[in-house]
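Dear colleague,

I am passing on the structure we spoke of, together with some notes on what was found in it. Please read the notes with the model open beside them.

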Amino acid sequence: MNKLGKRLMTLTVIALVLTLLSACGGNSKDNGEAALSGTINIDGSSTVFPMTEAIAEEFSAAHKDVRVSVGTSGTGSGFKRFARGETELSNASRPIKEEEAKAAKDNGIDYQELTVAYDGLAIVVNKDNDWVDKLTLDELKKIYEPDSKVKTWADVREGWPATELRIYSPGSEHGTFDYFTEAINGESKAMRNDKQITFSADTNAIVQGVSGDSTAIGYFGYSFFEENQDKLKLIPVDNGTATVTPSPETVKDGSYTPLSRPLLVYVDKAKLSTPEVKAFVEFYLENAGAIAPEVGYVPLPDEKYTEQLEQLK
Amino acid sequence: MSMFEDANRKQISNRRKKDLYLHLLFIAATSIGIIALMALLINIVLDGIGRLNLDLFTNYPSRVAERAGMKSAIVGSIYMVLIMAPISFVLGVGAAIYLEEYAKKNAITRFIQLNISTLAGVPSIVYGILGLTIFVRGLSLDRSLLSGALTMTLLVLPVIIVSAQEAIRAVPRARRDASFALGATKWQTVYGSVLPSSISGILTGVILALSRAIGETAPLVMIGALTFVAFLPSSIMDQFTVMPIQIFNWISRPQVSFHDLAASGIIVMMVMLVLMNISAVILRNKYSKQI
């Protein structure tokens, strides 16, 4: 019986040794030219994530000793960590709010805002929906505003069928939700909340929902429409001056307002003085234009990137 | 006489019918679970098999689905379990031994017992909040592998304690008495008699609890395990990511090719879980023969 006890001890010891070994190993150094090293912590918006991830991937390939990590805890949580000085960069799908800026300032953190790409919010309905030709901003507001009275499509515009309207929206943890409510309802985070609306943390669930329900409406980042064009119908938006269909062109030239938004990255100015963060940010602005279309976003005009690079110097 | 026989026969045939119906009902109850699981498995294997190649194990995450792998996530998960296993074993089994062998059976012990059973059912996100407050911020361990492993230890501890207690309780009274009769102390009895008799049950509980930890995402998201990590942790204070987080990120992307990649990731994770469960069965058989 004691044999068993010994075996147990051995097992425990092996596990401990393995742990320690793993703790010491895996530190292969690439001794090239005056290589950069250090860590860069990034967190924030999951919308901006694919963009920053792509840049981090390329940057890591070029600078093997710099450890870049990117989180997706959301724009708001990202700013919270940023204000505590836990991250060097913060991804954001909306501009920083006053209270968030104040929290950063209270901790002595001074930041620089960079715009790295644009994204359009696509308004979509089911493929079988043959009545909606366009929606005005007022109609969108009628559908999504708090305490909305809209129950059927007929309530949105006269002449449309009186079938129940089922509404989808990204959940409140998304910067996309913040941006949409601000742009359409005029107040961040203000939206109807009743049994007709479904909030979802997973954008693909909204794609599924709208593509499987003939009377549904939803909105999300344009890249999700682009990947599911065959399942959804894209709705042009009448913003009072023109009726615009979102596309990389209309997002880029600014005509698809107010539903196109800048994707932002905030940099801690104090950390910008370290060579690795400086190199990363410059690398970001130099390559964002090429990377953006690859991950489904719209690049800024080239001169905007150069302008921001100049500002950093 | 014949009337009596007829009635009897009728009764018997009624009972047989009843038996048959219930038999079918139980088969249906079993198969619904199995069919749902099979459908899920087949669906995932069909989606994921195409991308299940070496790249998945050797590459870091990438924006290009064809190039993306989950090396850092697989290694992160393994490291986390390796750190967790000894800590949760010692703490969990220690607590179980105390509660079963040493503690007096009074109101305080019952209160502790009630708490442990309740903790076993607390949603995992709550442990994430706890880990964030205690380990990440309180002890300033940051978002390290160690914080993650300790948080997960808290999560699985109640499960380990309860299962270890059950295993210890199942050891017959006579074995303890025999040991005491030889003049053994309490610890000698526990170490020489109770633990060896219950170790198979304890190990099964520990391994099943650890495999639960591999699949958990919520607490680690809460303490801020990351999504894009293109390096392996070189110490227990390094940042890390784990498989379920990587899989979740891939599923939530717009591109279908990433959804397939997520399916391959799920296959890898399931194979790992099955291996752990098989090892639990093997360990149990091996040790139960020795007693």
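The notes below take a helix and a sheet of chain A, and then turn to chain B.

Please bear in mind throughout that this is a predicted model.

After the helix comes Gly296(A), with a positive phi near 90°.

Chain A also holds an open sheet of 3 strands in the order E5-E10-E11, with mixed pairing. Strands E5 (135-136) and E11 (243-244) of chain A are the edges, and each has a single partner strand, so one side of each lacks a neighbour in the sheet. The pairing of E5(A) with E10(A), residues 237-238, is parallel and runs over 2 bridges, and Thr136(A) has Asp238(A) in E10(A) as its bridge partner.

For chain B, an unreviewed UniProt entry places the feature "transmembrane region" at residues 20-46, 78-99, 111-136, 148-168, 189-214 and 261-283. Residues 111-136 of chain B are 85% helix and 0% strand, with end C-alpha atoms 29 Å apart, while residues 148-168 of chain B are 100% helix and 0% strand, with their end C-alpha atoms 29 Å apart.

Notes
Residues numbered from 1 in each chain as written. Chains lettered and ligands numbered in written order. Predicted model: local features only at pLDDT ≥ 70, side-chain atom pairs only at ≥ 80, totals over all residues. Heavy atoms only, no water. UniProt positions renumbered as here; feature names shortened; annotations may be inferred. Helix = DSSP H or I, 4+ residues; strand = E, 2+ residues; numbered from the N terminus. Pairing = 2+ DSSP bridges.
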